[in-house]
Amino acid sequence: MTVTLADVAARARVSPATVSRVLNGNYPVAASTRERVLRAVDDLDYVLNGPASSLAAATSDLVGILVNDIADPFFGIMAGAAQTQIGGPGDGSGRAGGEKLAVICNTGGTPERELTYLTLLQRQRAAAVVLTGGAIEDPDHQAAMAAKLAKLADAGTRIVFCGRPPLPEGDALVAALAFDNRGGGRRLTEHLISLGHRRIGYVAGPPERTTTRHRLEGHREALRDAGLDAEGGDGERLTVHGPYDRRSGYEATLDILRREPGITAVVAANDTVALGACAAVRDQGLRIPQDISVAGFDDLPFSVDAVPALTTVRLPLFEAGARAGRLAMGKENPPPGGIATIAAELMIRGSTAPPRVE
């Protein structure tokens with residue numbers, strides 16, 4: 001049943017005219033009244049101008065791209081690549097025709113902002129939504145996401161995941177492009193083990209993220225297969241979780257070095273975290289890689305310019321983002337079953353070497 005402006009007014013205990021003023025923003029309304037109206041809009045999942053069924057299924061020229069942090073190159077590269085496929089002229093002439101307006105929505109990594117942006121895009125009847133990066137593994141949030149995405153899809157919005165796996169429930173997606181984070185994490189640790197490292201610290205990302213879990217699972221699998229870890233063993237003891245930023249890498253590496261001065265390698269959750277780990281190692285008077293090897297993940301542009309160049313796992317961020325943009329615009333057919341796993345490539349550089357022999 002379609003929710004009307006009158007329904008919102010009744011829920012907020014105001015007149016329909018007041019609801020209209022709040023939503024249009026063209027007339028001053030008391031803050032408490034405005035808050036009641038917006039809460040009623042959210043509670044009822046009201047879509048602006050939604051009563052006419054012919055309009056409810058229409059889509060605009062707007063495409064939303066959700067990112068955790070646009071300042072992080074991981075997200076910036078994917079968003080920029082997607083935008084090249086979404087916002088470019090349709091026929092190469094420079095005339096309007098087929099292109100869409102891509103809007104970057106910076107969630108800050110919070111589930112509340114993710115849902116809020118999806119609600120706002122639903123009200124604008126967005127033509128498509130691209131969600132980038134790892135998902136939050138919380139059952140309540142996943143259920144809320146599935147419900148919200150289903151409503152968007154029912155209204156004609158094309159939904160694409162880029163860099164994240166599909167939700168456990170719900171089939172509203174056009175496609176999910178998932179990186180092989182588990183395989184990449186495994187190969188990176190196998191490389192260190194092949195060099196002779198046996199005491200390896202791990203600086204992980206936030207524990208609630210799918211990206212964190214999959215990369216850490218790959219790391220632990222490699223340790224177990226080499227007989228270097230058991231449940232509750234070194235793999236767990238030498239792992240520290242934190243945000244995907246440089247400061248986390250620095251502080252977590254200092255913590256690991258205090259716990260286990262004998263480690264010979266540190267694996268970081270991503271390249272930015274790895275830079276912090278490198279700084280911590282140097283501040284302890286240790287050399288890279290002579291005393292401690294350091295490795296990252298993602299192969300962000302600066303990783304090859306680090307000194308020494310950073311051993312890492314390359315994810316084809318630009319290629320994945322561009323493909324997500326094409327899928328969102330209907331320029332490319334979805335993969336079989338709607339899910340594609342994108343391979344990760346090990347990039348061996350100067351920051352890793354065999355451990356020093358005493």
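Colleague: Which residue of E8 is the bridge partner of Val203?

Modeller: This is a predicted model, where local features need pLDDT of at least 70, side-chain atom pairs count only at pLDDT 80 or more, and totals for chains, interfaces and linings use all residues. Residues are numbered from 1 along each chain as its sequence is written, and side-chain values use heavy atoms, with hydrogens and water left out. E6 and E8 (residues 265-268) pair in the parallel sense over 4 bridges; two strands pair if DSSP finds at least two bridges between them. In E8, Val203 has as its bridge partner Ala268.

Colleague: And in E7, which residue is the bridge partner of Tyr202?

Modeller: E7 covers residues 239-241 and pairs with E6 in the parallel sense, over 3 bridges. Helices (H or I, at least four residues) and strands (E, at least two) are DSSP runs, numbered from the N terminus. The partner of Tyr202 in E7 is Thr239.

Colleague: How many of the 5 residues of E6 are buried?

Modeller: Buried means under 20% relative accessible area, exposed means over 50%, and partly exposed lies in between (1.4 Å probe, protein chains only). Ile200, Tyr202 and Ala204 point one way from E6, Gly201 and Val203 point the other way, and all are buried. E6 is therefore largely enclosed by the rest of the structure, and the buried count is 5 of the 5.

Colleague: Is Glu208 buried, exposed or partly exposed?

Modeller: Glu208 sits in the loop between E6 (200-204) and helix H9 (210-225). Its relative accessibility is 38%, so Glu208 counts as partly exposed.

Colleague: Which residues is Glu208 in contact with, leaving aside its neighbours within four places in sequence?

Modeller: Contact means heavy atoms within 4.5 Å. Glu208 and Gly134 are 74 residues apart in sequence, yet their C-alpha atoms are 9.5 Å apart in space. With neighbours within four places set aside, the contacts of Glu208 are Ala135, Ile136 and Glu137.

Colleague: Which strands stand at the edges of the open sheet of 6 strands?

Modeller: The strand order is E2-E1-E3-E4-E5-E11, with parallel pairing. The twist averages 15 degrees from one strand to the next. Two strands each have a single partner, so one side of each is left without a neighbour in the sheet: E2 (101-106) and E11 (339-342).

Colleague: In E3, which residue is the bridge partner of Ile65?

Modeller: E1 and E3 pair in the parallel sense over 4 bridges. All 5 of the 5 residues of E3 are buried, so E3 is largely enclosed by the rest of the structure. Ala128, Val130 and Thr132 point one way from E3, and Val129 and Leu131 the other way. The partner of Ile65 in E3 is Val130.

Colleague: In E4, which residue is the bridge partner of Thr132?

Modeller: E3 (residues 128-132) and E4 (residues 158-162) run parallel and are joined by 5 bridges. In E4, Thr132 is partnered by Cys162.

Colleague: Which strands does helix H13 touch on the sheet?

Modeller: H13 spans residues 317-329, and its direction makes about 170 degrees with that of E4. Angles run from 0 to 180 degrees between N-to-C directions, and axes are lines fitted to C-alpha atoms, for helices over the stretch in contact. H13 touches E3, E4, E5 (175-179) and E11.

Colleague: How are H5 and H13 oriented to each other: roughly parallel, roughly antiparallel, roughly perpendicular or oblique?

Modeller: The axes of H5 (residues 73-86) and H13 come within 7 Å and cross at roughly 40 degrees. Angles under 35 degrees count as roughly parallel, over 145 as roughly antiparallel, 65 to 115 as roughly perpendicular and the rest as oblique. H5 and H13 are therefore oblique.

Colleague: How many nonpolar residues are in the contact of H5 with H13?

Modeller: Among the residues that meet are Phe74, Ile77 and Met78 in H5, and Leu317 and Phe318 in H13. Ala, Val, Leu, Ile, Met, Phe, Trp, Tyr, Cys and Pro count as nonpolar, Asp, Glu, Lys and Arg as charged, and the others, Gly among them, as polar. The contact of H5 with H13 has 1 charged residue, 3 polar and, as nonpolar, 10.

Colleague: How far apart are the axes of H11 and H12?

Modeller: H11 (residues 246-259) and H12 (residues 271-283) pack at an angle of about 40 degrees. H11 and H12 are therefore oblique to each other. The distance between their axes is 6 Å.
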